[in-house]
Amino acid sequence: MTIDKKYLFKGALSLLVAALCCIGTVRAGGQNAPEAGKSRVKQPELLFRTSAGRSTAAIVSISGDEAYKTPTSNLTNTLYGLLPGLAVMQGSGQLGYDIAAMTIRGKGTFNENDSFTVFVDGFETDPSFAATLLPSEIDRVYVLKDAAALSTFGMRGANGVLWIETRRGEAGRISVDLNLRTGWQSPKLLTKPLGSARYAAYYNEAVSNDNGNVWTPYYSQEQIGRYQLGQGTDVDWYDEVLKTAGSFTSTDVSVSGGNEAIRFYTMLGYMNSNGFYDVDSDDTHSNTRFDQYTIRTNLDFTVFKIFDGRVDIGGRMIDNKRPNYSDDQLWYNLSSYPNNIYNVYDGRPDDDHWSGTMTHPDNPAASVRGLGYRSNRDRSFQANFSLRERLDFITPGLYLTESASFAAWTRGTYNMVRNYTRWHNGTAQTADVNSDYAPEDDRGTNQWSWNQFRVQAGYDRTFGAHGLTAAVNYEHYRRYVDADMNGNAGIQTTYAHQAVGGRFNYSYDTRYIAEFGFSYSGSDNYAAGNRFRFYPSASAAWIVSNERFLKRAKAVDLLKLRFSVGSSGYDYYAGGRYLYYQYYVGGTSFPTGNDGNPTWQPSLVPAYLADSDLSSEQSLKYNIGLDAGFFNSLQMSLDLFLDKRTGIVTRDNSYPAGFGVDPPYRNVGKVTTRGLELSLSYAKSFGDFSLQVGGMLSCLKDRIDYMAEIPPASPRAAATGNPLGAVFGYQDAGFYDIADFDETGQLLPTLPNPTFGTVQPGDIRYADQNGDLIIDERDKVKISDGANPNLYYAVNARFAYKGFDFGFLLQGVGSREIDLLDASSKVLAFRNNGTIHAIAADRWAYYPQQGIDTRGIAKYPRLTTGDNTNNYQHSTRWIENGNFLTLRNVELGYSLPVRIGAKIGLRKLRIYISGVNLLSLSKLQRKYRMDPERMTGYPGVKSYNIGLSVGF
């Protein structure tokens, strides 16, 4: 599928000619042309970048040095609380798969794919490639947030843009920088189940509850007593599987320098992380292990003071090894397997006698030590080439740039696998048997390549009090993806994109700034006639501090007002690609031939009703901003924003059920997001003492204006009109008590009757919202706004005195609620033959002869060994506060004074110690020892590190 280029090329040519004509008109009265040889652009010519003070856009950035302060194998985990508008939520701590969940100014859409677009050195790239960049090779990370910054990205801009620029060489002496860092990392928080004694005691209650509230214990007091004395089986599976800590090492060396003719930056880096599984690493076993080798070379050159060239080459190879067992399943087993099911080994402790049963077949210790290992090697490469011609001979300030990027990624896997016999009391329990280790090698079947091309005409000139920056470009890319399909067979998918974009920025007397930006952007994902959309933006800024009435005010360093409005789009593949094309799937078979012995024939039916009018999602963005600085020490930035998202691609479930074909995907969804961002910083020196204190706050509210959903039985359970991620369920009304049932155990007729199964004392009682004395779908309401935080904040500080420095970063979220049922293995006691956690200790129970009566203090329903349909409904009973505050980073360092370093040939020398995620405060952790950021699966990590930075 290709894009019709005919009219796009004509449009691009017309725009370039118009821009040149406009430039020629301005030249007639021009003056103050830039001095020859002084217009070299060190960074890529960006459509969002303007000279200092002339920007109208909402853009924030940090340096690579700031990101380096957090030791981690994934760049995304260094960005917590540093960039207003960028919300970063912890993902899995599993090495190689620990990318954080990030959004820019909220989700914006109810589609699952809400990711923003990522660029590295001016070209779009896969987020996984950017995540493996080393902070040492990064110059700056930018977050582009409003229409003034995003409209030029067209169909790739609606969810925001993360723009990363790597380091470059500067003219001057050759510099060598060496960074060494090593440390230890361990799970941030483990939620362990109760031991065998308490498990048995509570299990007795559950069995008795299931037996009509008649005390019929499964475990005798003697057995419980043996558990208490440590004489029965009581295996702490976490202790059996995990080590105390794993190691982390990061090393990189860079060389940079050059002159006005040629400048270079070269870096070599190595990073290693080891997980905390207690298993030897050898030819047949492996702990989780992550090794990354990085190389980068950035070259800038100038020829005849006319041509500026750039060659950027970045590559990395990543080796990832782990036990031959699913991490998610392993951590589920750790949280759900009871401590008393069996010992690690059945008899002698060796690989031939692992314990296991039909009910609990996957002994957690055997899962990491008895099945072999899996490994993959990823190789990624990006090469960018750019040549810029200064066309000052036509008119000063005019230039033309041609750029190309070639990127590729490939993955190969190699596994060493085996199986083992599950034993219990000397008898094999399953059909599994011991086998020899056997290799598996796919020789590499996963890969993608990305070819991008861009040509840009630009102009940058100052005429007395007037300044003009203009740029128009044409870009084209094609991406090829080979997905792994059945071993060595593969299927290739092609993605194509074209766009013409531009930006015209005018300033007068460094006080008044106006800008117009646009993109005419298209994707091959849509039918001809709907592939391209026009995305304009208009913005302005007023630098009030440059007005005469404020210019002499010593207290005011900067006072700038910004406003922008404009559109951008997002090319999302909701239910697959090419949804305008009619696809068919297998349907019901039909008979042909003899009535007595028919032949059944397969049929084809439409997969859905195609819609040829489908196009990209649309975003109309508004932004009002204020930038201010006072007393050469205090800086503030405030932004108010509104995002009106329309045309969200979703199934149109407004079609009647009897339509006969699955409804089409259409551009019918609508979401509104509004919010506020505030950042403050204060920096001051007092002799040998200096301090820097800062903070940021982002808050937002979103609302689904329209979702073509299947109408729910309860109007109050409709997604339309509610926040993204809202949870719907039942209103908790306490627990059923003994008095709520008659002598036969039947619920009193005056009480609402739930339709989820028979209830008894101790079960959750729900509010009858419609008063029909029946609890069913018609009683559902919104019970929570969901786990997407509406408040995101951070505080950071750094203090320095005579070479010593100390700094920290605190980051937290607010206005967030979580559904405990999302962590069912740690919440729902005894479910699926599972164990019990501390949260269930507050259960409802009434056995007076055994001295058990918790009715007045119970917060958890009665215990049961089954799957209680009534109690496990989504309800306010399971909604919990999900707010948290985490000490993301703390660091103490010492820098050798420059005068002393110069005597021994050092430009700089710094040694430091640091900690990551050392402390976290949350209601969920305090009550249940659960991590609100990572409730299930591989946990987040904390680390302790020591580092050295040396410059020559």
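Trainee: Why is Leu-561 called partly exposed?

Mentor: The model is predicted, and the relative accessible area of Leu-561 in it is 37%. Buried means under 20% and exposed over 50%, with partly exposed in between. Since 37% falls in between, Leu-561 is partly exposed.

Trainee: What makes the patch around Glu-240 negative?

Mentor: Its members are Glu-240, Asp-278, Asp-280, Asp-282 and Asp-283. Asp and Glu count as negative, so the patch is negative. Glu-240 sits in helix H7, residues 237-241. The relative accessibility of Glu-240 is 31%, against the required value of over 30%.

Trainee: Why is the pair of Trp-237 and Tyr-342 called edge-to-face?

Mentor: Start with the general point: two values describe an aromatic pair, the distance of the ring centres and the angle of the planes. The count of aromatic pairs in this structure comes to 39. For Trp-237 and Tyr-342, the centres are 5.8 Å apart and the planes stand at 80°. Centres have to lie within 6.5 Å, and planes over 60 degrees apart count as edge-to-face.

Trainee: Are the two residues buried or exposed?

Mentor: Trp-237 has 1% relative accessibility and Tyr-342 has 3%. Buried means under 20%, so Trp-237 is buried, and so is Tyr-342.

Trainee: Why is the pair of Phe-806 and Phe-808 called tilted?

Mentor: The planes of Phe-806 and Phe-808 are 50° apart, and the centres are at 6.4 Å. Under 30 degrees would count as stacked and over 60 as edge-to-face; the rest is tilted. An angle of 50° therefore makes the pair tilted. Phe-806, at 35% relative accessible area, is partly exposed, and Phe-808, at 24%, is partly exposed too.

Trainee: Which residues form an aromatic cluster with Phe-830?

Mentor: Tyr-199, Tyr-203, Tyr-218, Tyr-219 and Tyr-227 form one cluster with Phe-830.

Trainee: How do you know that Asp-652 and Arg-666 form a salt bridge?

Mentor: Their closest N and O atoms are 2.4 Å apart, and the cut-off is within 4 Å. The distance meets the cut-off, so the pair is a salt bridge. A search of the whole structure finds 55 salt bridges.

Trainee: What sets the two partners apart in accessibility?

Mentor: Asp-652 is at 2%, which is buried, whereas Arg-666 is at 31%, which is partly exposed.

Trainee: What makes Glu-933 and Arg-888 a link between distant parts of the chain?

Mentor: Their side chains meet in a salt bridge at 2.6 Å, N to O. Glu-933 lies in the loop between helix H13 (923-928) and strand S46 (941-951), and Arg-888 in strand S44 (residues 884-895), 45 residues apart. Glu-933 has a relative accessible area of 9% and Arg-888 has 3%; buried means under 20%, so Glu-933 is buried and Arg-888 is buried as well.

Trainee: Which residue of strand S44 is linked to Arg-910?

Mentor: Glu-891 of strand S44 is linked to Arg-910 of strand S45 (residues 908-922), 19 residues apart. The salt bridge spans 2.8 Å, N to O, and both Arg-910 and Glu-891 are buried. Elsewhere, shared partners join Asp-121, Glu-137, Arg-296 and Arg-316 into one salt-bridge network.

Trainee: What makes the phi of Asn-917 worth a note?

Mentor: Phi is positive, about 55°, although Asn-917 is not a glycine. Asn-917 is in strand S45 and, at 8% relative accessibility, is buried. Tyr-578, also not a glycine, has a positive phi near 55°. Tyr-578 lies in the loop between S23 and strand S24 (584-586), and its 14% relative accessibility is under the 20% limit, so Tyr-578 is buried.

How values were computed. Residues numbered from 1 in each chain as written. Predicted model: local features only at pLDDT ≥ 70, side-chain atom pairs only at ≥ 80, totals over all residues. Heavy atoms only, no water. Buried < 20%, exposed > 50% of the residue type's maximum accessible area, 1.4 Å probe, protein only. Patch = residues over 30% accessible without salt bridge, like charges linked within 9 Å, V, L, I, M, F, W, Y side chains within 5 Å. Areas by Shrake-Rupley, 256 points an atom, 1.4 Å probe, with all protein chains shown as cover. Charge placed at Lys NZ, Arg CZ, Asp CG, Glu CD. Helix = DSSP H or I, 4+ residues; strand = E, 2+ residues; numbered from the N terminus. Phe/Tyr/Trp six-rings, centres within 6.5 Å; stacked < 30°, edge-to-face > 60°.
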